[in-house]
Amino acid sequence: MYAFVKARESGARTYANSIGVVIEKGRLARVTDSAGKDYLDCLSCAGTLATGHNHPYILAKVEEFLQSGHVLQALDMTTPAKYRFLVKLLECLPPEFARHVRFQSCGPSGADAVEAALKLFKTATGRRTVLAFHGAYHGMTAGALALTGNLTAKRQVASIMPDVHFLPYPYSYRCPFSLGGEQSDVTSLAYIERMLTDPESGVTAPAAMIVEAIQGEGGVIPASAKWLRGIREITARLDIPLIIDEIQTGFGRTGDMFAFEHAGIVPDAVVISKAVGGGFPLSMLLYHEKYDTWQAGAHAGTFRGNQIAMVAGAACLEVIQAEQLVAQARAKGNYLETRLRELACRFSILGDIRGRGLMWGIEVIAPDAAPDAIGSYPADGAMARTIKQRCLANGLIIETGGRHSAVLRLLPPLIISEQELDEAIDKLSRSIEEALG
């Protein structure tokens, strides 16, 4: 099967290139391949499966719905499934944001919610410039790709959306200002404010700023609460709508329902996808009612009424609440951090451990090379890839990301047990030892 699909599938495929097995079955935090080998899944469909594979409660709700005779697709018409989903979603939002929220159902991919946000705020403000950040990832459609920092998919694509300006993200380990620590935050905020208030900066008044509270594909780089509060203060004072991309971080992943809650801020818009569909494709744009200025049909899509995803999504949110998975993610994240820092003390190739909740990055470095001005060693993408391959052989599925693909990324489902976290660390440790020879 694997050889047939590989021979016929597009050269743009990614995960399948390094996970060279046929995944056949899944149950919560574990999957099994066609040869019967068991794996602990710490990728969980790039963070999509908050409740793991085939959670019994979600399956039961979907099966009940499929036997009900209700419509499976409904464009943007009102249905019982849509009503129940929106009521449940509203319950999960921070109260101050929920009080004035409007919902835009988008196409199946999170990138479509980003596209909708771009159109909404350009319409509402009459402006064209959009601000994004170094290391950002917002999707692969034209507008979303223009906002993405990674150059791989952009180099050969002409005429992507213009008027995007990139700003320095507070990446302490590789500070763009060669400062590190808290000074990364202070200098980043000072630079951004100065640029936005300089009448000769070359940047026209922005339609919006879009930011991840924790960069995911960029290498699991958390922004501090102080920095996020600074960004919210600057954008509010200068009348720049602030969009938070919670596609990977939303719904408990970081130990808060949404990652921006860590900073106590209220954004103007939030884009969501992944976990919100309970394992089925769904994305949404949530925004303050004062920006609801576009006309009927200004953003549409055939599958924005995916009823199965709404049923599964409502069930997923019920499980997150009933099983207190947000608090569990926080507690398990603290435990996982302790175990990862123990690993970093053993292996000098692990240069930086960072994350929150059940979203962690381990930056692999070349410790024998010369460090930079703030003592950070060069990234070692080749070693990270070798470790990832050894993890797969040892029954652990992880992914790499960040600069030079040198960051090992852990995104286990929120239902993972502490015993399974220990198993993941043991397998990761063994894999590092094997990679080092």
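Colleague: In which sense do strand S2 (residues 30-33) and strand S3 (residues 38-41) pair, and over how many bridges?

Modeller: Strands are DSSP runs of E with at least two residues, helices are runs of H or I with at least four residues, and both are numbered from the N terminus; two strands pair if DSSP finds at least two bridges between them. Here S2 and S3 pair in the antiparallel sense over 3 bridges, and valine 31 stands opposite tyrosine 39 in S3. The hairpin of S2 and S3 has 4 residues between the strands, and glycine 36 takes a positive phi near 90 degrees there.

Please keep in mind that this is a predicted model, in which local features need pLDDT of at least 70 and side-chain atom pairs count only at pLDDT 80 or more, while totals for chains, interfaces and linings use all residues. Residues are numbered from 1 along each chain as its sequence is written, and side-chain values use heavy atoms, with hydrogens and water left out.

Colleague: Which strand do 2 bridges join to S3, and how does the pair run?

Modeller: That strand is S15 (residues 396-397), which runs parallel to S3, and leucine 40 stands opposite leucine 396 in S15.

Colleague: What is the order of the strands in the open sheet of 4 strands?

Modeller: The order is S13-S14-S17-S16, with antiparallel pairing. Strand S13 (350-356) and strand S16 (399-401) are the edge strands, each pairing on one side only. S16 is joined by 3 bridges to strand S17 (residues 407-410), where threonine 400 stands opposite leucine 408.

Colleague: Which residues touch the most other members in the largest nonpolar core?

Modeller: A nonpolar core is a set of buried Ala, Val, Leu, Ile, Met, Phe, Trp, Tyr and Cys residues joined through side-chain atoms within 4.5 Å, where buried means under 20% relative accessible area, with a 1.4 Å probe and protein chains only. The largest core has 96 residues, of which Leu89, Trp227, Phe251, Ile387 and Leu428 touch the most other members. Helix H11 (residues 307-322) gives the most to this core, with 11 residues.

Colleague: Is aspartate 112 buried or exposed?

Modeller: Aspartate 112, which lies in helix H7 (residues 110-125), is buried yet has no salt bridge, a term for a side-chain nitrogen of Lys or Arg within 4 Å of a carboxyl oxygen of Asp or Glu. The nearest side chain of opposite charge, lysine 119, is 6.5 Å away. Not counting residues up to four places away in sequence, aspartate 112 touches Cys106, Gly107, Ser283 and His299, where contact means heavy atoms within 4.5 Å.

Terms used. Buried < 20%, exposed > 50% of the residue type's maximum accessible area, 1.4 Å probe, protein only. Lys, Arg positive; Asp, Glu negative; His and termini not counted.
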